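Biologist: I would like to go through this model with you and ask, for each label, what it rests on. Could we begin with the charged side chains?

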Amino acid sequence: MKDDALLAFIPDHLAAVNRTAAVLMYRDAYSAFWHTVSAGYMLAVVRRTARALLSVGLGRGSRVIILSENRPECFYTSFAAYRIGAVNVPLMSDMSAEGVAEALRATGARLIMAGSQQAYDAALAACRLVRRHIRIVTFSRSVKPVRSDRTTVTFAAFTEPFRAAGLSIAPPTGSDEADIIFTSGTTGRPKGAVITHSMYEAAIRNNRRRLPDVRGWHVLEYLPLSHVFERAWALFCITGGAVLALNRQPSHVQRSMREIRPEAMCCVPRFWEKYIEAVDRYADKAAADERALMQDAIRTGETYNADYRYMQRPAPPELETAYRRADATVLRRIRTTAGLERAKLLPTAGAVVPEALVRRIRSYGLPILVGYGMTETTATVSCDDFRRPCTPGSVGRVIDGVQLTIAPDGEILLEGDTIIKRYLDQEIGGPLHTGDAGRMSPDGELYIIGRIKDLLKTSTGDYVAPEWIEARIEAAGEVDRCIVVAEGRKFASALIFPSRTLLDAVAREEGIDPGDSDTLLRSPLLRRRIREAIDAAQKGVPAHSSVRRFMIAGGELTQENGCLTPTLKPRRFAIEARYRDAIDTMYDNGKYEIYDNV
């Protein structure tokens, strides 16, 4: 196997080691049974998929759009494209027709692999928008093409004729394109980052030096494979001998966790916020003695894990004893109930990971590994090293192969063998300007302060780092989401989305129907509780960055209403447009007076 074309031969390598070994798992949509895919079967399907791609004129440099939720066919198509030198363009399965059309125009793709009926409908509409014929292949047999569509076929029908055909084509080289992954576009139009074969190989190699051996692990894949975090992680795990269990629908992840009992899974901070909320909700409903036992165990777990174990410090004997008791009576149950009792590695990135959140998750005895990266860096720039102190609030230590410098204005600049050299329409000369502001501790841990480009400038000339403030406030159990507003305004304010736990507590105390959201959101008690939480979270925050006023917001921020990216980051322009009246109220002294008096 050529070192400069690792991705092209991953299925061959896995089958050569053990053809019968499991490499993928997926749940049947109808029976809920988890099927296993062996290395030998995957290799056979990948080979005939590669022949099918060649048969429709695709080859080195051709682009293939994969518009699908997480499915085995995503891997078959990706590995087949890698083998013949074609380029994958993975997109979110629920992307709009306009978004797919933009990707078609930018990449010149001539084939779309669609995973569901929704994806097929968007793909077909996108083809009409760009006014050219593009072949569509559907992964699901249940997809129903429109009557006028005579060319769309299922994946099985597309690949079946090539079971016995040969495959003789030179593999790609390391400098050839492997994937084009579009950035999330939180601050502007998404850009297509070009990731080469050698970049993926370097990412796998560099992370192998930092992370443990994953051989034999069951790894739950629940984040979309169209995102570089999950995609690069999946390649790292499968090449390391892990079994990838594919969670198709995000809403099914908790069920999949309990069924698979994974040793590892990638997570975003939002996942852990919901997990903490569920634990708190259970404790809140428990009897007083059980609630006290849980709270004491969690405090013990936080002290032991966050202050000693993950800081590589020996714990006092009495704390060791207390922790073993807390783990046996409470903490193990918290892990087991969620299906995480076997967890050995839980990489978490994609957004700011607050210090309080890291401490809380580690209090349960869960091995959360915090990292930092971007689409443009083939995922990881830095991550915790469990062999060295892991300080909550940091994003770990820079991995091998990445050179990081901090510019005079605080911006993180990157170079290395995993850093992209170009976007689809733009060459990158010199180091990559991340747009992130950071600092390095004397011990070599990286801290992210905020976004250089996302810094909000008040009308008084002060700069506010919204992500930093939001992370502190969202760490409070009373707040589900915080969106800071300050650009061009006299001071910083915030839209606050209360947590379900707080809403339920206020409803009980006030005698309000929990389903009466309008009355709940107007509750003076709710406002006082949130004010107290904001004040506590902002201790030590400079006055110019502090949130002075807030409005309690109703509704939800979702991908469907355009307020969140696929990795659950806020789209500020969309949120501010949606809540324009509430924002205007915060900066109108007359209108806000009634809230000041609560």
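Modeller: Asp 400 forms a salt bridge with Arg 209, and their closest N and O atoms are 3.8 Å apart. This is a predicted model, in which local features need pLDDT of at least 70 and side-chain atom pairs count only at pLDDT 80 or more, while totals for chains, interfaces and linings use all residues. Residues are numbered from 1 along each chain as its sequence is written, and side-chain values use heavy atoms, with hydrogens and water left out.

Biologist: Why is the contact of Asp 400 with Arg 209 called a salt bridge?

Modeller: The term asks for a side-chain nitrogen of Lys or Arg within 4 Å of a carboxyl oxygen of Asp or Glu, and the closest N and O atoms of Asp 400 and Arg 209 are 3.8 Å apart, so the pair qualifies. The pair links distant parts of the chain, 191 residues apart, with Asp 400 in the loop between strand 16 (397–398) and strand 17, and Arg 209 in the loop between helix 7 (197–208) and strand 10 (218–221). Helices (H or I, at least four residues) and strands (E, at least two) are DSSP runs, numbered from the N terminus.

Biologist: How do you know whether Asp 400 is buried, partly exposed or exposed?

Modeller: Buried means under 20% relative accessible area, exposed means over 50%, and partly exposed lies in between (1.4 Å probe, protein chains only). Asp 400 has 40% relative accessibility, so it counts as partly exposed, and Arg 209, at 45%, is also partly exposed.

Biologist: What makes the salt bridge of Arg 332 and Asp 327 a case of two accessibility labels?

Modeller: Their side chains meet at 3.5 Å, N to O. Arg 332 has 43% relative accessibility and therefore counts as partly exposed, whereas Asp 327, with a relative accessible area of 10%, is buried.

Biologist: And what makes strand 17 and strand 22 edge strands?

Modeller: The open sheet has four strands in the order 17-18-21-22, with antiparallel pairing. Strand 17 (402–406) and strand 22 (446–451) each have a single partner strand, so one side of each is left without a neighbour in the sheet.

Biologist: How do you know that strand 17 pairs with strand 18?

Modeller: Two strands pair if DSSP finds at least two bridges between them; five bridges join strand 17 to strand 18 (residues 411–416), so the two count as paired. Within this pairing, Gln 403 has Glu 415 in strand 18 as its bridge partner.
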